[in-house]
Amino acid sequence: MIYTIENEKLKAQISDRGAELWSIQTKDGTEYLWQGDKRYWGDRALNLFPYIARLTQRKYTLNGQTYEMTIHGFVNYSVLEAEEVQTDRIVFKLTQSEETKKMYPFDFVYRVTYALEQDRLQVKFFVENPNSRTMYFGIGGHPGFNVPLEKDLRFEDYYLQFDGSENPVRVGFSPTCFLNGDDREYSLSEGNSIRLSHDLFDADAIVLTKMAKAVTLKSDKSERAVRVEYPQMDYVGFWHMPHTDAPYICIEPWSSLPSRQDVVEDLAVQPGLIHLEAGQTYENNWSIQIF
């Protein structure tokens, strides 16, 4: 089912499948969110939990047991309960099931809240740990945005502009999209920007750390822009389907990273995962601002 929330500036639609953002439009009908096209990427704005990106052999271990899980976890193909629905706000909820327990041996309460505030869509992730032991997980977003945002412009007319001028670090990935340890400083154009071109993603995603906690997708030829703020995330990724002329870019705030190359990770000791103690709740807030 598709739900709609709106205010005086924006209208957003969200699917109960994955609590996936389905549309963000200004009141003049301009669509900012990528609408999915299987030639390039059939999704729109995945939510990632309890793991981000790929596991080596699609496996991990925990307490001596081996589990299998597909890329980005299971929220993105689960149907969530619309727990609270208001005109400009909606809360989705997912809890454990027999199917999730096969992949992830924890009870959990996962919530994602979308709330419109003026020209901004606030997104909040909540995770509750009702177990008597520590939970380990990653969490993040994977929204795609149309590029260009106006018919007369080109993909190459756009750039990503960071708040701040320090060069971030690019996380090193192998050709198979696992960590290879080859992290390097990533030089920004004019001290704070990445100019867009389709071949920028021929080696797959650009994932940065030690970066500014907000970035704006914009063009000097247009007033339309998208700003994503992710103050509690340690990583941000940029991606479109490699070796294509895909007319979108994903801006992906992540809490953690995928597996190391050829390492079947032990979830309890993999670096960077969130450790949530028994009875505790985790919250992470980020936002999408539309111009």
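This is a predicted model: local features need pLDDT of at least 70, side-chain atom pairs count only at pLDDT 80 or more; totals for chains, interfaces and linings use all residues.
Let's start with the cores. The largest nonpolar core has 75 residues, and the ones with the most contacts inside it are Phe-49, Tyr-110 and Phe-238. As background, nonpolar side chains in soluble globular proteins tend to be buried together. There is also another core, lying apart from the largest one, with 18 residues, including Trp-41 and Tyr-235.

If you have the model open, click on Phe-49. Leaving out residues up to four places away in sequence, Phe-49 touches, among others, Phe-74, Tyr-104, Phe-108, Tyr-110 and Phe-137. Those names come back when we look at the rings. Ring pairs link Phe-49, Phe-74, Tyr-104, Phe-106, Phe-108, Tyr-110, Phe-125, Phe-137, Tyr-282 and Trp-286 into a cluster.

How many aromatic pairs does the structure hold? The count is 20. One that I'd like to show you joins Phe-137 and Tyr-282: the ring centres are 5.6 Å apart and the planes are at 80 degrees, so this pair is edge-to-face. Phe-137 belongs to strand β11 and Tyr-282 to strand β23, so the pair ties together parts that are 145 residues apart in sequence. Both partners are buried: Phe-137 has a relative accessible area of 0%, and Tyr-282 comes in at 15%.

Over at Trp-22, the charged end of Arg-44 sits over the ring, 3.8 Å from its centre.

Now for another arginine, Arg-111, in strand β9, which covers residues 109–117. Is Arg-111 buried or exposed? Arg-111 is buried, with a relative accessible area of 17%. What does its side chain make a polar contact with? The partner is the side chain of Glu-128, at 2.7 Å. Beyond its neighbours within four places in sequence, Arg-111 is also in contact with residues including Glu-83, Phe-92, Lys-124 and Phe-125.

Last stop, the cysteines. The model has zero disulfides. For Cys-177, the nearest cysteine sulfur is that of Cys-250, 14 Å away.

Methods: Residues are numbered from 1 along each chain as its sequence is written. Side-chain values use heavy atoms; hydrogens and water are left out. A disulfide is a pair of cysteine sulfur atoms within 2.5 Å. A nonpolar core is a set of buried Ala, Val, Leu, Ile, Met, Phe, Trp, Tyr and Cys residues joined through side-chain atoms within 4.5 Å. Buried means under 20% relative accessible area, exposed over 50%, partly exposed in between (1.4 Å probe, protein chains only). Contact means heavy atoms within 4.5 Å. Helices (H or I, at least four residues) and strands (E, at least two) are DSSP runs, numbered from the N terminus. A polar contact is a pair of N or O atoms within 3.5 Å; within protein, one must be able to donate a hydrogen and the other to accept it, and residues adjacent in sequence count only if both atoms are side-chain atoms. Rings of Phe, Tyr and Trp (its six-membered ring) pair if their centres lie within 6.5 Å; planes under 30 degrees apart count as stacked, over 60 as edge-to-face and the rest as tilted. A charge sits over a ring if NZ of Lys or CZ of Arg is within 6 Å of the ring centre and within 35 degrees of the ring normal.
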